[in-house]
Amino acid sequence: MATGERNSFDNPLRDFTGYGRSPPNAEWPNGARIAVSFVLNYEEGGEYTPLNGDIRTESNLGEKFGTVPMTNGRRDWTMESQFDYGSRAGVWRIMNLFDKHDMKITIYAVGRALEVNPIAAPEFEKHGHELAMHGYRWIEHTDYEGNEEAEKQLVRRGIEAIQKCAPSGKPPSGWYLGRPSTKSRSLIAQVHKEMGIPLLWQSDSYADDLPYWIPYPGGAKSEGLLMIPYSYDNNDFKFHTPPGWTSTDGFYQHLVNAFDTLYDEGGKMMSIGLHCRIVGKPGRFPALKKFVEYISKKEGVWVTTRTQIAKHWTEKFPYKPEEVKFAPTFDKPF
């Protein structure tokens, strides 16, 4: 049955078939067997805190499991200092590793985080890393349900923050919001149209080992939006999410297992999610260091940014609206 074909049991708003049993050969540059996308979530300073005008504090992804947010406008010095570690120390430990191996990565940058640490964006660009958009704030965008204009304003502020903080002044080519509302995907696409800024990809998806196309939200029938799936399993955040990694060996071995499987299959993509304040800690960092060293010794590995993946995919596998058999809506949960 074709993807999206109706019967009493299916739902054409979701694509359950994808590439099926015969995915395309990605034809990665120089005959690479695998494209590896390291992503560093740069959130420090953009999280919930009264310093950003919030009445609650951040409680997500901290060292103390089960942290309950303060909701009376009081600051949580413990959580704040854990985030501070990421921007003060962890980020540079991670950057030094990738620079040593001349590997270019994608920075999921929170706009506010770049603003409060003005040395960050210039350093990222100086070493050839990509600044992508992780929202203006690291907050739950579901709080903006029913107020589309307010959420669109956050989208604009995020784009403007990257343009302001990056020496190149370049806007982001892609997005991963992480805490989206039901309309975020659509609103991001709309704002890029309104600002005249190309949107090459989005990554609020975990649906495949390869990029795939969806219709561009609110665009012409001939326009597609490339989804480059992200990963919750190849992700250091599981050090803070039970059941997750309890040792560096567990994280390292999982990354190796995922890499080896995709490498053996050939023509696939591997996403790896990192956080400055998590894998940037000395006790966890060796897992990342060992994995980078492991893949650096393999032939046919393309470590690259998500925009480079998007450009390659767009050239090799351009959007064909007739091949999209499902009919997503962008004002409902995705």
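A: What follows takes up these features one by one.

Q: What kind of model is this, and which residues count for local features?
A: This is a predicted model, in which local features need pLDDT of at least 70, side-chain atom pairs count only at pLDDT 80 or more, and totals for chains, interfaces and linings use all residues. Residues are numbered from 1 along each chain as its sequence is written, and side-chain values use heavy atoms, with hydrogens and water left out.

Q: How is helix packing read, and at what angle do α6 and α7 pack?
A: Helices (H or I, at least four residues) and strands (E, at least two) are DSSP runs, numbered from the N terminus. Axes are lines fitted to C-alpha atoms, for helices over the stretch in contact, and angles run from 0 to 180 degrees between N-to-C directions. Angles under 35 degrees count as roughly parallel, over 145 as roughly antiparallel, 65 to 115 as roughly perpendicular and the rest as oblique. Here α6 (residues 248-265) and α7 (residues 285-296) have axes 9 Å apart at an angle of about 25°, and are therefore roughly parallel to each other.

Q: What is the handedness of the α6 and α7 crossing?
A: A crossing is left-handed if the near helix is turned anticlockwise from the far one by less than a right angle, and right-handed if clockwise. The α6 and α7 crossing is right-handed.

Q: Which residues of α6 and α7 meet?
A: Contact means heavy atoms within 4.5 Å. On the α6 side the residues include F251, Y252, L255 and F259, and on the α7 side they include A287, F291 and I295. By class, this contact has nine nonpolar, one polar and three charged residues. In that count Ala, Val, Leu, Ile, Met, Phe, Trp, Tyr, Cys and Pro are nonpolar, Asp, Glu, Lys and Arg are charged, and the others, Gly among them, are polar.

Q: How do the axes of α4 and α5 cross?
A: The axes of α4 (residues 148-165) and α5 come within 9 Å and cross at roughly 60°. That makes α4 oblique to α5, and the crossing is right-handed. Among the residues that meet are V155 and I159 in α4, with L187 and H192 in α5. This contact divides into six nonpolar, four polar and six charged residues.

Q: Is H192 buried or exposed?
A: Buried means under 20% relative accessible area, exposed over 50%, partly exposed in between (1.4 Å probe, protein chains only). H192 lies in α5 and has a relative accessible area of 1%, so H192 is buried. Leaving aside neighbours within four places in sequence, H192 is in contact with I159, P172, W175, I197, P198, L199 and Y216.

Q: How many aromatic pairs does the structure hold?
A: Rings of Phe, Tyr and Trp (its six-membered ring) pair if their centres lie within 6.5 Å; planes under 30 degrees apart count as stacked, over 60 as edge-to-face and the rest as tilted. The structure holds 20 aromatic pairs. One of them joins F38 and F291, with centres 6.2 Å apart and planes at 70°, so the pair is edge-to-face. F38 lies in strand β1 (residues 34-42) and F291 in helix α7, so the pair ties together parts that are 253 residues apart in sequence. Both F38 and F291 are buried.

Q: What is the geometry of the pair Y176 and Y230?
A: That pair is tilted, at 4.5 Å centre to centre with 55° between the planes. Both Y176 and Y230 are buried. One aromatic cluster is formed by Y108, Y176, W201, Y206, Y230, Y232 and F237.

Q: Which peptide bond is cis, and which residues other than glycine have a positive phi?
A: Most residues other than glycine have a negative phi, and most peptide bonds are trans. The bond from P242 to P243 is cis, with omega near -10°. P242 lies in the loop between β7 and α6 and is exposed at 51% relative accessible area; P243 is exposed at 81%. N30 has a positive phi of about 60°, lies in the segment before β1 and is exposed at 82% relative accessibility. L61 also has a positive phi, near 60°. The place of L61 is in the loop between β1 and α1, and L61 is buried, with a relative accessible area of 10%.
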